[in-house]
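Subject: Structure handover and notes

Dear colleague,

Please find below the structure that I promised to pass on to you.

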Amino acid sequence: MITSVLDPAARSSSVESLTGTDLLRATVVNLQAERGAELWGLARHLGLSPDEADDAVQETLVRLWAALHDGQDIQRMDAWAFRALYRLAMDRHRWRRRVRLLTERVGAQPPRHSGVDHADRMAIWEAVETLPERQRLATYLRYRADLPYDEIGAILGIAPASARSHVSRALDALRVELGEEASR
């Protein structure tokens, strides 16, 4: 159980008398005292800055405490912590890569200059809000999120052809609605 992680030499009568949350806290504090520097060193070795390494170690220990609090049976807490820290560092790197790719994608596109002014755009999106739910979602995903039809279909749980059909019907409805407003 949890007390097996505590070093028998470090155990005192006060630690043995701890129960529940206090025992979990003591276990995590003990792990931090014994392996915290190694956890931080691994985080740095994995390419995190000193501040990011501090945050990652802290997040790892909080996740360990939460896992123990939820009743997970963790045999080797130090191994669990190192694995969790590794995953956190890899998630950080993936996030950075996604942000970099997104900024390159957004920055590489020339600014769009259409003949539609801001008020017209607002009117169009207000009209989109009046569409049936599937048409509205498909239109939003296609033109605001710039997703292909196969991804829209996967998000909405429909076939890509159905996603294309929903967008097409939405555009037809918008042409009618906005065309009527323009003629008024």
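Accessible areas here come from the Shrake-Rupley method with a 1.4 Å probe, and for residues only the protein chains shown count as cover. On that basis the protein exposes about 12,400 Å², of which carbon and sulfur atoms supply 53%.

Please keep in mind that this is a predicted model, in which local features need pLDDT of at least 70 and side-chain atom pairs count only at pLDDT 80 or more, while totals for chains, interfaces and linings use all residues. Residues are numbered from 1 along each chain as its sequence is written, and side-chain values use heavy atoms, with hydrogens and water left out.

Overall picture

The secondary structure comes to eight helices and zero strands, where helices (H or I, at least four residues) and strands (E, at least two) are DSSP runs numbered from the N terminus. Read along the sequence, the pattern is accordingly α-α-α-α-α-α-α-α. Of the 184 residues of the protein, 29% count as buried, a term that stands for under 20% relative accessible area, with exposed meaning over 50% and partly exposed in between (1.4 Å probe, protein chains only). As for contacts (heavy atoms within 4.5 Å), residues 24 or more positions apart account for 54% of those in the protein with a separation of 6 or more.

Helices H2 and H3

Two packed helices are described by the angle between their axes and the distance between the axes. The axes are lines fitted to C-alpha atoms, for helices over the stretch in contact, and the angles run from 0 to 180 degrees between N-to-C directions. Helix H2 (residues 20-45) packs against helix H3 (residues 50-69) at an angle of about 150°, and their axes are 9 Å apart. H2 and H3 are therefore roughly antiparallel to each other, given that angles under 35 degrees count as roughly parallel, over 145 as roughly antiparallel, 65 to 115 as roughly perpendicular and the rest as oblique. The crossing of H2 and H3 is right-handed; a crossing is called left-handed if the near helix is turned anticlockwise from the far one by less than a right angle, and right-handed if clockwise.

On the H2 side the contact includes Leu 24, Leu 31, Trp 40 and Arg 44, and on the H3 side Asp 54, Leu 61, Trp 65 and His 69 are among the residues involved. The residues of this contact of H2 with H3 divide into 13 nonpolar, four polar and three charged, where Ala, Val, Leu, Ile, Met, Phe, Trp, Tyr, Cys and Pro count as nonpolar, Asp, Glu, Lys and Arg as charged, and the others, Gly among them, as polar.

In the loop between H2 and H3 sits Leu 48, which counts as buried at 2% relative accessibility. Not counting residues up to four places away in sequence, Leu 48 touches Ala 43, Ala 53, Ala 56, Ala 89, Arg 92 and Arg 96. Leu 48 and Arg 92 are 44 residues apart in sequence, and their C-alpha atoms are 8.4 Å apart in space.

What does Glu 52 touch, beyond residues up to four places away in sequence? Glu 52, which lies in helix H3 and is buried with a relative accessible area of 16%, touches Arg 92 and Arg 96. From Glu 52 to Ala 89 there are 37 residues in sequence and 8.9 Å in space, C-alpha to C-alpha.

Helix H6 (residues 133-143) and helix H7 (residues 149-156) pack at an angle of about 135°, with 10 Å between their axes. That angle makes H6 oblique to H7, and the crossing of the two is right-handed. The contact is made by Arg 134, Leu 137, Ala 138, Leu 141 and Arg 142 of H6 together with Tyr 149, Ile 152, Ile 155 and Leu 156 of H7, and these residues divide into seven nonpolar, no polar and two charged.

Leu 137, placed in helix H6, is partly exposed, with a relative accessible area of 33%.

The loop between H6 and H7 holds Asp 146, which counts as partly exposed at 38% relative accessibility. The phi of Asp 146 is near 55°, a positive value in a residue other than glycine.

Finally, His 166 is found in helix H8 (residues 160-183) and is buried, with a relative accessible area of 14%. Leaving aside its neighbours within four places in sequence, His 166 is in contact with Arg 134, Gln 135, Ala 138 and Ile 158.
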